[in-house]
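Take a walk through this model with the structure open beside you. Begin with the core and then follow the helices.

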Amino acid sequence: IDSIKSSYLAGVVGANLSKSGHLAFVGGQDMGVVNDWGCGFKSGVVAAKPSADVVTTYAGTFTDPKKGEQISASMKGQGVDVIFHAANQTGLGVLTGAAQNGMIAIGSDSWQGDVAKGSVPWSALKDAAQATYHVAKNALDGTFTSGIYVYDAEKGAPLYDARDFEALSPELQAVVKTAEAGLRDGSISVACN
C-alpha cells in the first residue's frame, strides 16, 4: 500500500488550509513507513505552498494518546496551525490535542473526521482492506503472481474519503482533483528515500 501519495494530497490540502504556513508532522517512531507518510506530506505542502515549512517530530510511541495531545499543544506554541500524524493511538491524541488548541488536524490510515469533530477536515487513507481484497480476487480468478503487490493510486486505491472532499470549497476541490490526477497518471512523482 502506497501511503506516500495519500499523504502528498494531505499536504496539498493542509498547505491550502494553513494560515500561518507552519505545519507539523508527528510520527510514532522514526522508521521507514512512518517516514514515507512524513515525506509525502512535506512534498505536498511544498508543492502547494513553497514558502511553507513542516516541523517533524516523533512521539516515540504509537500507544499514548496523552503524549499526542501534549505534542499538539507544543506545536501550537511553535506557531503550527495544521498538524498531520502517522502515530496510531498516539495520533488520535494528536487529533484531540489539535482540537483543544484550535488547530486543524489531518488523520491517517482511515477516515478520522469523527475523532475531533470540526477539527479534522481531511484524512490520508491507506486502504489495507481493498489491497487484501484485490490480492484474494487475483488468487481466485487465477491471475495472482507471487512477490510484492503494491496497491497504489495507479491501481485505483482511494487517497481520501468523499466526505472530506465534499466539505472542501469548490476552489480547493479543483486543486485536489488536479493533484490527484497527477498522482494517478504518474505526472506527479514523489521521491521519498
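This is a predicted model: local features need pLDDT of at least 70, side-chain atom pairs count only at pLDDT 80 or more; totals for chains, interfaces and linings use all residues.

Residues are numbered from 1 along each chain as its sequence is written, and side-chain values use heavy atoms, with hydrogens and water left out.

Start with the largest nonpolar core. A nonpolar core is a set of buried Ala, Val, Leu, Ile, Met, Phe, Trp, Tyr and Cys residues joined through side-chain atoms within 4.5 Å. Buried means under 20% relative accessible area, exposed over 50%, and partly exposed in between, with a 1.4 Å probe and protein chains only. The largest core has 31 residues, and Phe25, Phe41, Phe84, Trp122 and Val176 touch the most other members. At least two residues each come from helix H1 (3–17), strand S1 (22–27), helix H2 (32–48), strand S3 (82–86), strand S5 (122–125) and helix H7 (170–185). Helices (H or I, at least four residues) and strands (E, at least two) are DSSP runs, numbered from the N terminus. H1 gives the most to this core, seven residues. Apart from it lies another core, of 14 residues, including Ala24, Ala59, Val94 and Ala98.

Look at Phe41. Contact means heavy atoms within 4.5 Å. Not counting residues up to four places away in sequence, Phe41 touches Ser7, Tyr8, Ala10, Gly11, Leu23, Ala24, Phe25, Val54, Phe84 and Ile106.

Now the helix pairs. Two packed helices are described by the angle between their axes and the distance between the axes. Axes are lines fitted to C-alpha atoms, for helices over the stretch in contact, and angles run from 0 to 180 degrees between N-to-C directions. The axes of H1 and H2 come within 6 Å and cross at roughly 40°. H1 is therefore oblique to H2; angles under 35 degrees count as roughly parallel, over 145 as roughly antiparallel, 65 to 115 as roughly perpendicular and the rest as oblique. On the H1 side, the contact includes Ser7, Tyr8, Ala10 and Gly11; on the H2 side, it includes Gly40, Phe41 and Gly44.

H1 also meets H7. Their axes come within 10 Å and cross at roughly 155°, so H1 is roughly antiparallel to H7. The contact includes Tyr8, Leu9 and Val12 of H1 and Leu172, Val176 and Ala179 of H7.

Stay with H7. Its 16 residues should span 22 Å at 1.5 Å a residue, and the end C-alpha atoms are 22 Å apart, which agrees. The expected span is 1.5 Å times one less than the number of residues. The buried residues of H7 are Leu172, Gln173, Val176, Ala179, Glu180, Gly182 and Leu183. They pack against H1, S5 and helix H6 (162–167). Just after H7, Gly186 takes a positive phi of about 90°.

Finish at H3 and H4. Helix H3 (residues 65–77) and helix H4 (residues 88–100) pack at about 40°, with their axes 6 Å apart. That makes H3 oblique to H4. Pro65, Gly68, Glu69 and Ser72 make the contact from H3, and the H4 side includes Gly93, Val94 and Gly97.

Leaving aside neighbours within four places in sequence, Glu69 is in contact with Gly93, Val94, Thr96, Gly97 and Gln100.
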